[in-house]
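Here is a protein to look at with a questioning eye.

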Amino acid sequence: MIPTELKMEDLSGLEKLQPTLILNLVFAQGDRDISRRTALNRRLYIRLLDKSVDEYNEARELIVAQIAEGQRSSEEMTKDGRHIYMFKFVDHMENCISSVRRILRFLDILKGNQDGLKFSRTVKKHIESLTSSIVDVRNTLEHMDERIQNDDIQENEPVMLKILDTQDGITIASQSLMFSVLSALIKKLHEIGQGMAGWRKSDNKCEGKHA
C-alpha cells in the first residue's frame, strides 16, 4: 500500500546513548566491579537501542518521502519518473523490529542479575504489555519460509511487511503491529537505557529518568 497519511510518531528527539556509555566507561570506570558478562550485555543493549531508533526513524522518513512523492504533479512524474520508497521502508522496519526483539532478550538477561541491575515491577509490566505483537511479527518474519512450506499463509495475506489499510501499523501474514505500540516500547527501552548507560554497581538500581 502506498501511504497517504503519516501515523508514525517522530522519535528523532531520542538521544544517542552510546556516547554516554563510553563516557561512563572511560571517566567513571563504569565496568568496574561488575562481571564481564554483564558489561558485554549492557554494551550490546545500548548499541542495539541506538540502532533500533535509527531504523525506526529511517522507516518513518521513507513514509514522509512517499507521501511527498504522491503530491508531485503528473508533469513532474512524466519527466523524472515515479519513486517507490516503500521497498526500503520494509527493509528498515524489519531491521527495527529485529533489533527491538534482540534488545528484549538482553533486558531479560540484565534485569535483576547478580550485579544488581534492578527494574521496578511497574516498568516490567509496562514492557510486557507491549511485547507480544512485536514478538509475533518478528517470529513470522524469521520463520516465513516454514510458514510457506506448511501452507500457513492464506491467499490474501502478505509475505513481507506492508502498511495496514488504516495506515497506523504494519502487517505480515496474519500478524499486525501498531506503530504506536512500537514507538511506546522503543521509548520505554530508551528510558531504561538512559539509566543503564550511566549505571555503576555502586548505584542501587538501573532505571530511566521517569521509570
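This is a predicted model: local features need pLDDT of at least 70, side-chain atom pairs count only at pLDDT 80 or more; totals for chains, interfaces and linings use all residues.

Residues are numbered from 1 along each chain as its sequence is written, and side-chain values use heavy atoms, with hydrogens and water left out.

Q: How many helices and strands are there, and what makes a run count as one?
A: The protein has seven helices and three strands. A helix is a DSSP run of H or I with at least four residues, and a strand is a run of E with at least two; both are numbered from the N terminus. Along the sequence the pattern reads α-α-α-α-α-α-β-β-β-α.

Q: Why is arginine 42 called buried?
A: Buried means under 20% relative accessible area, exposed means over 50%, and partly exposed lies in between (1.4 Å probe, protein chains only). Arginine 42 has 1%, so the label is buried. Across the protein, buried residues make up 44% of the 211 residues.

Q: What makes the pair of aspartate 31 and arginine 42 a salt bridge?
A: The rule asks for a side-chain nitrogen of Lys or Arg within 4 Å of a carboxyl oxygen of Asp or Glu. Here the N to O distance is 2.8 Å, and the side chains meet in a salt bridge. Aspartate 31 lies in the loop between H1 and helix H2 (36-70), and arginine 42 in helix H2, so the pair ties together parts eleven residues apart in sequence. Asp31, Arg42 and Arg43 are linked in a network of salt bridges. Side chains of opposite charge can pair when their charged atoms come close.

Q: How do you know that arginine 60 and glutamate 61 form a salt bridge?
A: Their closest N and O atoms are 3.8 Å apart, and the limit is 4 Å. Arginine 60 is at 13% relative accessibility, so it counts as buried. Glutamate 61 has 45%, so it is partly exposed.

Q: What makes aspartate 152 and arginine 147 a salt bridge?
A: The closest N and O atoms are 3.9 Å apart, and the pair counts as a salt bridge. Aspartate 152 is partly exposed because its relative accessibility is 34%. Arginine 147 is buried because its value is 18%. By this rule the count of salt bridges comes to eleven.

Q: Why is aspartate 151 called exposed?
A: Its relative accessible area is 66%, so aspartate 151 is exposed. Aspartate 151 sits in the loop between helix H6 (144-149) and strand S1 (162-163). Its phi is positive, about 55°, although aspartate 151 is not a glycine.

Q: Why is glutamine 29 called partly exposed?
A: With a relative accessible area of 46%, glutamine 29 is in the partly exposed range. Glutamine 29 lies in the loop between H1 and H2. Its phi is also positive, about 50°, although glutamine 29 is not a glycine.

Q: How do you know which residues histidine 92 touches?
A: Contact means heavy atoms within 4.5 Å. Not counting residues up to four places away in sequence, histidine 92 touches Glu55, Glu58, Ala59 and Leu62. Histidine 92 is found in helix H4 (residues 86-110). At 18% relative accessible area, histidine 92 is buried. Glutamate 58 lies in helix H2. At 41%, glutamate 58 counts as partly exposed.

Q: What makes Ile2, Ile84, Phe87 and Met160 a patch?
A: Patch residues have over 30% relative accessible area and no salt bridge; nonpolar side chains (Val, Leu, Ile, Met, Phe, Trp, Tyr) are joined within 5 Å, and like charges within 9 Å. Isoleucine 2 is partly exposed, with 36%. Isoleucine 2 is found in the segment before helix H1 (18-27). Together, Ile2, Ile84, Phe87 and Met160 form a nonpolar surface patch of about 380 Å² accessible area. Such areas come from the Shrake-Rupley method with a 1.4 Å probe; for residues, only the protein chains shown count as cover.
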